[in-house]
Amino acid sequence: MQTNTVPPPYASLVAVGDSFTEGMSDLLPDGSYRGWADLLAVRMAADAPGFRYANLAVRGKLIGQIVDEQVDVAAAMNADVVTLVGGLNDALRPKCDMGRVRGLLTEAVERLAPSCKQLVLMRSPGRRGPVLERFRPRMEELFACVDELAAKHGALVVDLYGAPALGDPRLWDVDRLHLTAEGHRRVAEAVGQTLGYEPLDAQWHAPLPAAVPPAWLSRRVADVHFARQHLLPWIGRRLTGRSSGDGRTGAHFSAELGKPFWVSPADDTDPGPVTGWRKVGP
């Protein structure tokens with residue numbers, strides 16, 4: 001993992017991507033999602049008066065949709081830091097043209113890197129199990145492209161794929177596709193450290209303590225629930241060409257106005273703990 005030695009005074013953050021960056025499944029009481037990008041923004045805002053943040057990520061988006069719908073919008077915001085995570089939704093589909101995925105990811109990086117002080121890319125985490133093993137070659141091909149692009153364009157890479165803790169099924173929601181709140185906390189910590197912020201948890205990547213595996217019957221019940229509640233609907237969307245992100249925009253994008261907006265800490269003149277966000281102009 002690459003790190004800076006002294007954290008620069010980053011004053012703005014834009015997050016680009018899919019459900020991983022949107023924050024699923026870190027669900028808040030009001031029904032919205034938080035996730036690692038929000039947690040990272042809180043961390044960064046504590047050190048920067050007037051800090052601004054925008055999360056443009058939308059669940060279910062393929063890399064082509066991210067390029068078409070988010071990349072130019074993000075580039076125009078000229079943020080200090082831009083995070084980009086995409087392509088994994090493509091790689092997990094039964095049929096995937098990885099050459100096209102690499103080309104689109106390259107296009108995204110080439111547009112975003114010149115627009116910000118620091119572009120951050122990631123090697124996405126994978127839940128240990130048969131799905132990971134089936135798609136591992138595609139994922140590693142995608143991550144090799146991430147590494148090459150980072151080296152060429154001066155981007156930082158956060159290696160979540162290589163973190164033992166983030167492969168543990170206990171840090172994944174029942175849908176087996178999205179991290180729990182604890183998983184998102186660890187990702188935020190990883191990105192913050194990569195950007196050069198002082199560690200709050202130096203062992204974010206460490207394996208979880210050993211636990212007694214669930215009984216065979218419990219595992220089968222969980223498998224049935226997963227298939228009914230998550231796998232079959234996912235297959236249905238694939239067969240009908242639908243996506244969980246259809247009709248949605250990023251948390252900080254106004255569909256009515258057709259443009260993004262920033263949020264800033266409620267008290268943006270006094271660095272410290274963020275107690276709330278307020279919408280500010282584009």
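Trainee: How many aromatic pairs does the count come to?
Mentor: This is a predicted model, and the count comes to three aromatic pairs. One of them is formed by Phe20 and Trp36. Their rings are 5.8 Å apart centre to centre, with 40° between the planes, and the pair is tilted.

Trainee: Why does the pair of Phe20 and Trp36 tie together separate parts?
Mentor: Phe20 belongs to helix H1 (residues 19-22) and Trp36 to helix H2 (residues 36-45), so the contact links parts that are 16 residues apart in sequence.

Trainee: Is Phe20 buried or exposed? And Trp36, buried or exposed?
Mentor: Phe20 has a relative accessible area of 12% and is buried, because the cut-off for that class is under 20%. Trp36 is buried as well, at 0% relative accessibility.

Trainee: Staying with rings, which charged end sits over Trp262?
Mentor: That of Arg52, which lies 4.4 Å from the centre of the Trp262 ring.

Trainee: Changing topic, how many residues of strand S3 are buried?
Mentor: Five of the five residues in S3 (residues 81-85) are buried. Val81, Thr83 and Val85 point one way from the strand, while Val82 and Leu84 point the other way.

Trainee: Which strands are joined to S3?
Mentor: Strand S1 (residues 12-17) runs parallel to S3 and is joined to it by five bridges; Gly17 has Val85 as its bridge partner there. Strand S4 (residues 118-123) is also parallel to S3, with four bridges between them, and Leu84 is partnered by Leu121 of S4.

Trainee: What classes of residue line the largest cavity?
Mentor: Nine are nonpolar, two are polar and none is charged.

Trainee: And the second largest pocket, how much space lies in it?
Mentor: About 330 Å³. The pocket is lined by 19 residues, and the closest to its centre are Ser32, Tyr33, Asp38, Ala251 and His252. By class, its lining has eight nonpolar, five polar and six charged residues.

Key: Residues are numbered from 1 along each chain as its sequence is written. This is a predicted model: local features need pLDDT of at least 70, side-chain atom pairs count only at pLDDT 80 or more; totals for chains, interfaces and linings use all residues. Side-chain values use heavy atoms; hydrogens and water are left out. Buried means under 20% relative accessible area, exposed over 50%, partly exposed in between (1.4 Å probe, protein chains only). Helices (H or I, at least four residues) and strands (E, at least two) are DSSP runs, numbered from the N terminus. Two strands pair if DSSP finds at least two bridges between them. On a 1 Å grid over the protein atoms alone, a cavity is a set of points where a 1.4 Å probe fits but cannot get out, and a pocket is an open set with protein on both sides within 12 Å along at least five of seven lines; lining residues have an atom within 4 Å of a point. Grid points are joined across faces, edges and corners, and a volume is the space filled by probe spheres set on the points. Ala, Val, Leu, Ile, Met, Phe, Trp, Tyr, Cys and Pro count as nonpolar, Asp, Glu, Lys and Arg as charged, and the others, Gly among them, as polar. Rings of Phe, Tyr and Trp (its six-membered ring) pair if their centres lie within 6.5 Å; planes under 30 degrees apart count as stacked, over 60 as edge-to-face and the rest as tilted. A charge sits over a ring if NZ of Lys or CZ of Arg is within 6 Å of the ring centre and within 35 degrees of the ring normal.
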